[in-house]
Amino acid sequence: MTSNMFYLNEIWSRALESIGTSGRVDSFVFDNFYKESNLVDLNEKKALISVASFIHKTLLMNEIDLISTTLEDILNAPTKLQCDIILEKDLTRFMNETTNETEIQVIDETFDSSPLREDRTFDNFVVGDCNRESHSAALACAYNPGNLFNPLFIYGNSGLGKSHLLCAIGNYVKKNEPSKKVYYTDSNKFVDNVVNSIKMGKIDAFKKYMYSIDVLLIDDIQFIAGKEKSHEIFFSIFNELVNNRKQICIVSDRLPTEIKGLEDRLISRFSSGLSVGIDSPEFETSLAILKVKMSNSAFESRNIDEEALSFIASNFNRDVRQLEGALNRVLFYAIEFQKDDGKIRFDTATNALRGQVLVSDKSGITVRKIIKCVSEYYGLTKQQLTSKTRTKNISTARQIAIYMCRKLLDLPYIKIGEEFGGRDHSTIMSSCEKVEKQSKSNGAYLQALNEIEKIIKS
């Protein structure tokens, strides 16, 4: 007998002696029902008593106040003690469930989720042609978790609002269905949690905790690539949640099939739901984003000219972060160097952003326009053109787009590399050389180049 069992038996013996001598219970009832019961669990708030049959349980439940006050007196309990009666046949299952709940609580505290950004909601997400599809899919998943698109896989370059949509889903569910358990994390933290749970010998408890989640939100899933143990754990969690109609939403900078080092079985699972892309914002969306940023800044929106905002929206719309960075640069410049009435006009914006504009003043051609024209010519998406995919048709189109940026805009190789997914300048140089070499030896290739250039200039 363990020390805890000895303690419980001692407490219950004293309680039974007190109840038996109190004169409040018939001796026949006491001998046949009370003496056949056992105290099996006890803490400062609750006592659990086991009995042999339903009749035993019914009778003791009628005397539950007497049992509670007796135990409170023996323990000198400062607060009311709750007493529960359970059948012996249900005791094992009950204790296992209690253990699981305790393990989940410990894991919840140890491997908690990342905090959701409360300022990222559907209400302040600017919708345009570039993100309308992904916004609609995310809203549908938030409105009816687990029953529409599962998993939802959102892909696109960095800084386009993927994380905003993940947080918006989580915030929407927490607001409208507070009983649901939302877990938001990036893949790096998930890998860390797997490693730590293995070290602590709690990997099974960690999986049980993850199985209890209603909405799982994973950011930057591409960083899980190559982590074999994490693949195994995530695969198990993924199957369990989907099979139980729990919602999974994943974002990445590329399609599942383009993530190198990701197991085929995970690629298959990710592709089984709905995959939607986010593109760089077009002019109208960029302008709307800037106005939202201005309304949330300390600088009043009426102090900036519409033409100045249009200049930023036209030339810094690769992603939302670039837009925000250009706007902050203009605001800083106006505060520090502008000495007139404080109104930010077109010339203020151009002076503030001198040397950073990726556009030819004579032609009006931008990098974004070149990418758009080339991708449409080859029937590709703009995300594919700037992705890491090296399939022949995508590589050919990407090299031509890079070549056109160099030829028509005369941009530095480093700048072009930044526009094409952060590629090294040597890669950009090599692409230009390949296009020039191919155009000299392949007539059909040269014809395609000429047609694309005409489309870009039109």
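**Burial and overall make-up**

I started with burial: 46% of the 458 residues of the protein chain count as buried (under 20% relative accessible area; exposed is over 50%, partly exposed in between, with a 1.4 Å probe and protein chains only). I noted that this is a predicted model, where local features need pLDDT of at least 70, side-chain atom pairs count only at pLDDT 80 or more, and totals for chains, interfaces and linings use all residues. Residues are numbered from 1 along each chain as its sequence is written, and side-chain values use heavy atoms, with hydrogens and water left out.

The protein chain exposes about 23,600 Å², and carbon and sulfur atoms supply 48% of that (Shrake-Rupley method, 1.4 Å probe; for residues, only the protein chains shown count as cover). I found 21 helices and eight strands in the protein chain (DSSP runs numbered from the N terminus: H or I of at least four residues for helices, E of at least two for strands). Then I looked at contacts (heavy atoms within 4.5 Å). Of those in the protein chain with a separation of 6 or more, 72% join residues 24 or more positions apart.

**Helix α7**

I checked the length of α7, residues 162-176: its 15 residues should span 21 Å at 1.5 Å a residue, and the end C-alpha atoms are 21 Å apart, which agrees. The expected span is 1.5 Å times one less than the number of residues. α7 is mostly covered, with 11 of its 15 residues buried; among them are His164, Leu165, Leu166, Cys167 and Ile169. What do the buried residues of α7 pack against? I got α6 (132-143) plus the strands β4 (152-155), β5 (182-186), β6 (215-219) and β7 (247-252).

**Arg132, in α6**

Arg132 lies in helix α6. I put it down as partly exposed because its relative accessibility is 43%. Arg132 and Ile278 are 146 residues apart in sequence, yet 8.4 Å apart in space, C-alpha to C-alpha.

**Helix α14**

α14 (residues 320-337) has 18 residues and reaches 26 Å from first C-alpha to last, close to the 26 Å expected. I listed its buried residues as Val320, Gln322, Leu323, Ala326, Leu327, Val330, Leu331 and Ala334. Their cover includes α12 (283-295), α13 (306-315), α15 (346-352) and α19 (413-419).

**Val29, in α2**

Val29 lies in helix α2 (residues 27-32). Leaving aside neighbours within four places in sequence, Val29 is in contact with Tyr34 and Leu59. Val29 and His56 are 27 residues apart in sequence and 9.8 Å apart in space, C-alpha to C-alpha.

**Cavity and pocket**

I used a 1 Å grid over the protein atoms alone: a cavity is a set of points where a 1.4 Å probe fits but cannot get out, a pocket is an open set with protein on both sides within 12 Å along at least five of seven lines, and lining residues have an atom within 4 Å of a point. How many cavities of 30 Å³ or more are there? I counted one. The largest cavity holds about 40 Å³ of space, and its lining includes Tyr155, Asp253, Arg254 and Glu258.

The second largest pocket has about 290 Å³ of space. α18 (392-409) and α20 (425-441) each supply at least two residues of its lining. Arg390, Arg398, Arg423 and Lys434 are among the lining residues of this pocket.

Methods
Points joined across faces, edges and corners; volume = space filled by probe spheres on them.
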